[in-house]
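Here is a short note to read next to the model. The points run from single side chains to the whole chain.

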Amino acid sequence: MCQKEVMEQSAGIMYRKSCASSAACLIASAGYQSFCSPGKLNSVCISCCNTPLCNGPRPKKRSSSATALRPWLPSTILLLKIALFLAHC
């Protein structure tokens, strides 16, 4: 399965995406249910899914000047992430 972890910290929202067995993902998801409060500091939410790329891209942020100067950069990073994801799943 694909597993997605979303952690809301004072420095911002952190995303961790990985592959996990069905049992491991479901256990982790259930274990963190009490810590999942989207929009609140120190929230940790874990979700599981089992279709290709179902844990998808993270939500888009407001554009920064660095990204605006290199519009090709997000596409390149996304392609690299997809390639790494497919190599590990």
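1. **Aromatic pair.** This predicted model holds one aromatic pair. Tyr32 and Phe35 form it, with 5.8 Å from centre to centre and 55° between the planes. That makes the pair tilted. The rule takes rings of Phe, Tyr and Trp (its six-membered ring) with centres within 6.5 Å; planes under 30 degrees apart are stacked, over 60 edge-to-face, and the rest tilted.

2. **Cover on the two rings.** Tyr32 is partly exposed, at a relative accessible area of 37%. Phe35 is also partly exposed, at 47%. The cut-offs: buried is under 20% relative accessible area, exposed is over 50%, and partly exposed lies in between (1.4 Å probe, protein chains only).

3. **Salt bridge.** How many salt bridges does the rule give? The count is one. Arg16 and Glu5 make it through their side chains, at 3.3 Å from N to O. Arg16 sits in strand E2 (residues 12–19) and Glu5 in strand E1 (residues 2–9), so the pair links distant parts of the chain, 11 residues apart. The rule asks for a side-chain nitrogen of Lys or Arg within 4 Å of a carboxyl oxygen of Asp or Glu. In general, side chains of opposite charge can pair when their charged atoms come close.

4. **The two partners.** Is Glu5 buried or exposed? Glu5 is buried, with a relative accessible area of 9%. Arg16 is partly exposed, at 46%.

5. **Around Glu5.** Which residues touch Glu5, leaving aside neighbours within four places in sequence? They are Met14, Tyr15, Arg16, Val44, Cys45 and Ile46. Contact here means heavy atoms within 4.5 Å.

6. **Overall layout.** The protein has three helices and three strands. Along the sequence the pattern reads β-β-α-β-α-α. Helices (H or I, at least four residues) and strands (E, at least two) are DSSP runs, numbered from the N terminus.

7. **Whole-chain figures.** Of the 89 residues, 18% count as buried. Among contacts between residues at least 6 apart in sequence, 54% join residues at least 24 apart. The protein exposes about 6700 Å², and carbon and sulfur atoms supply 62% of that area. Accessible areas use the Shrake-Rupley method with a 1.4 Å probe; for residues, only the protein chains shown count as cover.

8. **Basis.** The model is predicted: local features need pLDDT of at least 70, side-chain atom pairs count only at pLDDT 80 or more, and totals for chains, interfaces and linings use all residues. Residues are numbered from 1 along each chain as its sequence is written, and side-chain values use heavy atoms, with hydrogens and water left out.
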